[in-house]
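Work through the exercises below with the coordinates open. Each task is followed by a stepwise solution.

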Amino acid sequence: TQNLWRPWIVGDTSIMLSLFFFFIAVIVGVPVGFALLLSTASYLWIGDIAPIEALPQQMVNGTGNFILLAIPFFILAGLIMERGGISLRLVRFVHAFVGHLRGGLLQVMVLSMYLVSGLSGSKAADVAAVGTVMRGMLKKQGYSSAEGAAVLAASAVMGETVPPSIAMLILGSITSISMAGLFIGGIIPAAVIGACLMTLIYVRARRSSMTPEPRTPWSVRLNASLGAILPFLMPIILFVGILGGFATPTEVSAFAVVYGMFLSLVVYRELDLRSFFRTVVDSVALTGMILFILSAASGFSWALTIAYVPQRVVELLHGFNDSKDVFLIGSLILLIIGGSLLEGLPALNILAPLLIPIAGKIGISELHYGMMLIIAMGVGAFMPPAGVGFYVCCAVAQAPLEAASRAMIPYLVVLLIGLLLVAFVPWFTLVLPHYFGFRG
């Protein structure tokens, strides 16, 4: 053990220098993908550990898993939903049944994010779809843009575990956890966090002087329900296809694109061919950005492996065998910080392969632990001031960053409470997978 840790202290300065380069690059504003490449390349060059030509090969290997083909399809499906009127009909449906509650429009935002996340898989598309629809409604009812941005960011964290989720696709591609188990296991944890957020909104609304909206007439509810039938068929087909073994997540994602095109171009006719091709271009750009970051993170993870970091982590956490709680809390803090600094997904790509095997060895369900990591990564990605997702929410809600950060504080506290509930009550994650025969 002493020889294992000695390079961290006196010998292997190349590791410390490469990490130093990475943090400096992130602080000065270098995109995280390039910062990861800089750190990896500097380690290989300074330490003379492996030829620099090995880095591109590892980057290619990092994006070579077949399951990752679902990412561009789900991103395209999400953008089609946003621009083709599908998300709008879901928001109208939720508003018709929930809008009269205390804090009605904020409650609508939470439930809408839950539903839309289950259709698109892309958090950027989810935030844009719900945020742009709700922005004018919130302003008209007297809600502050800062409050709207805070609830939008908190709801996006909840949506990280609503299938289909890009975070789930990545986790399933880099670990041995069942993809179908992840999909079915994320439904209740997201509902738990959503219930916590809605409870906070209700309590805050009761303390304010804002008058609730009148109850929506049943004729309007009926029309909204009829308009939401076709969009709701998408998640039903998704789950039947995956759980029944009829299709893989990649095949289901391709169907989601075709079905979204049919609704937007043929049924609703809110997306013409020019807008559709522009949507395709935007989805290609977003997909390229995500996959580039993932490939850079794969190269970085490979560099950590040849630097014996996994073995060192195992040795460091060896004393946690009798203290699962300490391991859980420590790893959640690590993922929150990593999700904030690394823009979310790279943190999951780098840390999950290191931590999940350790969790399995000390008796924690890998499926349950993976769900915790996804939520913790989401908290970091949407946590002010460093989380890049929070900036996206502020831009969509047209809210000032400082005011939105202050408004986010109580929601951040509730998110952490919800995360701890999911972490220390495994039943929330495992009950549905066990019922359908998935173990992990």
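Contact here means heavy atoms within 4.5 Å. The model is a predicted one.

**Exercise 1.** Find what share of the chain's contacts between residues at least 6 apart in sequence join residues at least 24 apart.

Solution. Start with contacts between residues at least 6 apart in sequence. Of these, 79% join residues at least 24 apart.

**Exercise 2.** Describe the overall build of the chain.

Solution. Begin with secondary structure: the chain has 22 helices and zero strands. Next, take the extent along the principal axes: the C-alpha atoms fill a box of roughly 75 × 50 × 45 Å. Then test the radius of gyration. A compact globule of 440 residues would have a value near 22 Å, and the chain has 22 Å, so the two agree. Last, count burial: 54% of the 440 residues are buried.

**Exercise 3.** Characterise the packing of helix α17 against helix α21.

Solution. Two packed helices are described by the angle between their axes and the distance between the axes.

Step 1. Locate the helices: α17 spans residues 324–341 and α21 spans residues 401–424. Their axes come within 11 Å and cross at roughly 140 degrees.

Step 2. Assign the hand. The crossing of α17 with α21 is right-handed.

Step 3. List the partners. From α17 come D325, L328, I329, L332 and I336. They meet L416, L419, A423 and F424 of α21.

Step 4. Sort these residues by class. The contact of α17 with α21 holds eight nonpolar residues, no polar ones and one charged.

How values were computed
Residues numbered from 1 in each chain as written. Predicted model: local features only at pLDDT ≥ 70, side-chain atom pairs only at ≥ 80, totals over all residues. Heavy atoms only, no water. Axes fitted to C-alpha atoms, helices over the stretch in contact; angles between N-to-C directions. Helix = DSSP H or I, 4+ residues; strand = E, 2+ residues; numbered from the N terminus. Left-handed = near helix turned anticlockwise from the far one by under 90°. Nonpolar A, V, L, I, M, F, W, Y, C, P; charged D, E, K, R; others polar. Rg over C-alpha atoms; globule rule 2.2 N^0.38 Å. Buried < 20%, exposed > 50% of the residue type's maximum accessible area, 1.4 Å probe, protein only.
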